[in-house]
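Reader: Could you walk me through how the parts of this structure sit together?

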Amino acid sequence: MELVVTRNFGRPESWTLASYREAGGYEALERVLKEMTPEEVTDLIKASDLTGRGGAFFPTGLKWEFVRKDPKTPRYVVVNADESEPGTYVNRLSLELDPHMTIEGMIIAAYASNAERGYFYIRGEYGLSHERVKAAMREAYEAGYLGQGICGRDDFNLEVEFRRGAGAYIVGEETALFNSLEGKRGNPRFKPPFPTNFGVWGLPTAINNVETLAAAPAIVMNGAEWFKDLGIGDAAGTKMYCLSGNVVNPVCVELPLGVSAREVIMEHGGGVPEGRTLKGFKPGGASSAPLTPAELDAALEPKSMADLGTIMGTGGVVVFDDTTCMVDVAYRDALFFEDESCGFCIPCREGTPNLVQICERILHGQGTMDDLDLLEELGASMMASFCGLGHFAHQPVRGAVSRFRDEFEAYIHGRR
Amino acid sequence: MAIHHTELETPPGREPLPESERPKLETLRERLQPLKELPGSSIEALYAAQELFSYVPPEAMTLIAEELKIPESQVFGVVTFYTMFSLEPQAPNVLRVCRDLSCHLAGAPKLIGALEDALGVRHGHTSPDGQFTLKVVSCLGLCDMQPALLVNLDQHGPVMPDDVPDLLDGIRNGAG
């Protein structure tokens, strides 16, 4: 299969401008600036069906068009590299191994959305990514890809500022990231108004995940149909899937969007360690509800995952074998969300510790069958949370109960 | 970001900056100057303070508020929101061990236990020799190196309990 966003990973010093240019880097930007209007770029990206790889899968071309059509200026482009979903490391690899591809995508996004300012925001823990992206930005400025009069076009300027976070999962939520960029606590903001009209500093902002932006140059070079056809069925393009947990090879692979979980886990991950059997897996990070081996042939793309009552999420596939206790897995997820809840709204601030307490009760053999109903009730009330964190925090716990109910009942009935 | 009650009981300001550390405030003031041109750079300002002092002392928060012309309450709000900032002095080597799902399945609890034994402290604290602060943190995005940890910002993994003595010796000898 043809690779899109990981195609340069094996090249020597793949993170340098020299290496990126040798591999055809920045040719897409030059083509865009020579041959295309911003409208043509958004039309192309819309036709390619490229959607947000951070997990929301919002149509990228449409987002850029919304920003361009808002008359307020200056408009912004923001790279969201606050990757913090447990089990997910795809953006880290892109930032470390090919930062220029994301930068080129960012410049194309700026042109298409008529933005003149930008931020490259990376989570605080990604030290090597900071170094590589800062160095790549310096190279891009020196080569005239960033700054004033890009590639000789007097009418196209883009000033980008590098920023890093300091440890906060919630800042990956786009409006929380704006608050962080503005030097505030990373609490989310009310939506609407949406970022395309009211983003950082209250101005129209195209905020995109690393992997989304990195796909843009290849779409410019190869066309919308080419990208679309890379996916399976109705799903367009490729996705970086990364494996972890009880799997032989915890690796990242770029595969067609819509590939089966079986192919990802068995072929690329090498399955579970010898002598063990597969018990289940999470399709996309901590927020996604776990699935069973019976669902291995499901397509890892947003629609089929939604049909199964879980989410595609980030592509962070976490594998569980028969030595893993699913009640403990649910407990781990609950602990994570309790710790990462920003504390701003009550359903999430109170709901996440409640999830932890119920899991603890069950693990300690003090749970009752009523607790399983209580989890359902709690989940329903947490849907009143202010942002996605609270909407998703209970899903992995409830999902574990619905798919692996016998394990919860074993604790409750004292069989463990 | 759960509220830690110990922090609430000991608000910053109770322990004033030692006299010997005060000259560093001038250095901080100098380092804040370029940030005045960059609106919203309070996180970078706090990193500058933490780099100098190993933590964010109350005097540094006051200085940042003055220089960047933002309310001190906002500075305090930011310090306490982001987990990488510390209100207490830290050792030169901060170990951040991932506790989340993938690393947990790969043996993070045993790794944390081995580190606690080797350093002679519970996580959340600094070793008696003052060389290491041990923290247990949310997913570091190093799941391909499960179980993983950061030494300051350097990535290590997979780290098994048996690897701990060599890892710590390496850091002590400057190999980090």
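Reader: How far apart do the C-alpha centres of domain 1 of chain B and domain 2 of chain B lie?
Author: Let's first place the two domains, whose bounds come from an automatic or database domain assignment. In chain B, domain 1 covers 5-81 and domain 2 covers 93-172. Their C-alpha centres are separated by 27 Å.

Author: A word on the source: this is a predicted model, where local features need pLDDT of at least 70, side-chain atom pairs count only at pLDDT 80 or more, and totals for chains, interfaces and linings use all residues. Residues are numbered from 1 along each chain as its sequence is written, while chains are lettered from A and ligands numbered from 1 in the order in which they are written.

Reader: How many residues does domain 2 of chain A bring to its contact with domain 1 of chain A?
Author: Chain A is assigned domain 1 (17-230), domain 2 (238-321) and domain 3 (326-412). Two residues are in contact if their C-beta atoms, placed from the backbone, lie within 7 Å. Domain 1 of chain A gives 13 residues to this contact, and domain 2 of chain A gives 19 residues.

Reader: Which element gives the most to the side of chain A that touches chain B?
Author: Here 45 residues of chain A meet 34 residues of chain B. Elements giving two or more residues on the chain A side include α7 (127-142) and α8 (174-181); helices (H or I, at least four residues) and strands (E, at least two) are DSSP runs, numbered from the N terminus. With 7 residues, the top contributor is α13(A).
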